[in-house]
Amino acid sequence: MKKVEKVLLIFAAAFILCMPLANTDAQAKVKVKKVKVKSNYGKTVHVAVGKKVKLTTTVTVTPNKSKNKKVTYKTSKKKIATVSGAGNVKGIKKGSCKITVTSKKNKKKKAKISVKVVKQVKTVKLDAESVTLYAGNSRKLKASITPVSGSYKGMKWTTSNKKVATVSSSGTVKAVAAGTATIKATSVEGSKKSASCTVKVLAANTINLSSVQVLSKNTVRFTIDKAKTLTESQIVVEGKRYTAGSYTRRYKIARMRNYDNKTYDLTLDSTYSIAKDSYVRVSIASLPGNGTKSAEAQAVFVKSTAPVTKRWIGVVGDSLEETIDLSDYCYGNISYTVTGSVGGINYKAADNALIFSGTYDTVTVGTILSIRAADELGNVVIQKINVFVGNEATIVAKAEDITILAGDTLDAVSFARAAGGSGEYRYEAELPEGLSINEDGTVSGAAQKAGEYDVLVTAVDKANEDRVFKTTATVRVMEKRKVSGTVIDASGKAVADADITCENVNDGTIFTTKTDEQGKYVVDVAEGSYHIQAKYGDKEDLVYNIAVGAAGRQLDFLLGK
């Protein structure tokens, strides 16, 4: 056989063998099993007016080829929502409709999904812009939107770093490992409005510098959130005068007082003093973990409690000169407003104070002056003053609020005072059991039962018992709490006969005692916060704003360092 004939025979055989395979492939039947469609969030498509949301369509088919998975989309109400050939649903106006997805290979295979057209989300806001969590802890974030009515509240939650923090579909953030991640909530109705929260994850061993307070011109308090013993060498204290300034001043620590391994007071060396309104920064680089190691505070020296009500008393013809200065309660310059008036008495502003002066010319029986002080930051403080003015025919009286300790014996403590009439008075008062009021208006005795008592006080003119004046005051009987400790000098020697003064931060009540020959002291006080001073001659040591609770307080003092 010739060579050409052999080649033709081989080609013909190959052609015959291939023919059945080609015909089989062309005639293979496409079988569509199922069509599924879903929204990018939830079972129903929520789309805003004028916005688009893409559908996710799945076609189960054999052979599993892309050309066999093609579908068509159709809306039931074009005036509500339209749908493109790529499955993008566009909101036209508020309302509801359905989208039908149909297989091109088998028109009997369909799927439907409900569509709700809503208002556009204008803003998304989270309940926190930043969150700090320890590794392993969780915190749920809440998203709010505007407009509240008519829009869809569903959110897609994402994290920028799953190795640091994860977030669930409902906004629950779980801290995984030390580091920082951004959690984002995005509206899903097509507006794509979003809000973010920075999540700082702390290692389990982290100790944070929680707060810094400037207590006085030479005392700084800082707290840490877990107990740890620190030394002076670990702490850096710096100062600056202005917000935009730099921390160029370094304060030397003369003494550090450790209360509970969490709260520390630093007494600064007298080389420098902290100026009012300046700034102080405390840094502790050696704190373990990745938490806050530096914090600052402004030296505002502002009292946090409200001023105690004042009571002025006199008779017509008496002169008055009183200064009301609320600068200890305010930041910067103060603007005063006075409501109420007293006959014959005027006032004028002087720097950050008001000066009241004049001569009483009108009888008044408890007129209330309300002094409103507004500072530079918009804070408002109210000082109340009750004014009592009598004359020869009219008596008036005042009684001061007092705080005493249960069981303590009082010996003629100032309480009530009258004015006007004959000048000779008799006092009556419904005092707590164990106490009595004396002829001169002082109180004596010992109250045993703790409590707060509203006391009615009656003053009677002895020369004319028809002249009576009634007023009220509060008597607080407090359980005793002990403050105790030792006072030593710079050489470690006990200081005998040192004065210990405890001043209640809230109401100004003062409790005192002296140290014994061993430098020890015990003073009974009521529960509360106190400034406590130990003083001998020109040497002193102070503790500011320290709480005394049911267990009392142990405080040692060092004089002369």
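This is a predicted model: local features need pLDDT of at least 70, side-chain atom pairs count only at pLDDT 80 or more; totals for chains, interfaces and linings use all residues.

Visitor: OK, switching to charges. How many salt bridges does the structure hold?

Guide: There are 17 salt bridges. One of them pairs Asp-541 with Arg-255, with the closest N and O atoms 2.4 Å apart. Asp-541 sits in strand E48 and Arg-255 in strand E23, so this pair ties together parts that are 286 residues apart in sequence.

Visitor: Is Asp-541 buried or exposed, and what about Arg-255?

Guide: Asp-541 counts as buried at 6% relative accessibility, and Arg-255 counts as buried at 18%, because the cut-off for buried is under 20%.

Visitor: What does Lys-480 form a salt bridge with?

Guide: Its partner is Asp-408, with the closest N and O atoms 2.9 Å apart. Both residues lie in loops, and the pair ties together parts that are 72 residues apart in sequence. Lys-480 is partly exposed at 32%, and Asp-408 is partly exposed at 25%.

Visitor: Which residues are joined into a network by shared partners?

Guide: Arg-311, Lys-398, Glu-400 and Asp-401.

Visitor: Last one: which residues form the positive surface patch?

Guide: Lys-65, Lys-67, Lys-70, Lys-104, Lys-105 and Lys-107. Lys-104 is in the loop between strands E8 and E9, and Lys-104 is partly exposed at 46%.

Key: Residues are numbered from 1 along each chain as its sequence is written. Side-chain values use heavy atoms; hydrogens and water are left out. Patches are made of residues with over 30% relative accessible area and no salt bridge: like charges are joined within 9 Å, nonpolar side chains (Val, Leu, Ile, Met, Phe, Trp, Tyr) within 5 Å. Accessible areas come from the Shrake-Rupley method with a 1.4 Å probe; for residues, only the protein chains shown count as cover. A salt bridge is a side-chain nitrogen of Lys or Arg within 4 Å of a carboxyl oxygen of Asp or Glu. Lys and Arg count as positive and Asp and Glu as negative; His and the chain ends are not counted. The place of a charge is taken as NZ of Lys, CZ of Arg, CG of Asp or CD of Glu. Helices (H or I, at least four residues) and strands (E, at least two) are DSSP runs, numbered from the N terminus. Buried means under 20% relative accessible area, exposed over 50%, partly exposed in between (1.4 Å probe, protein chains only).
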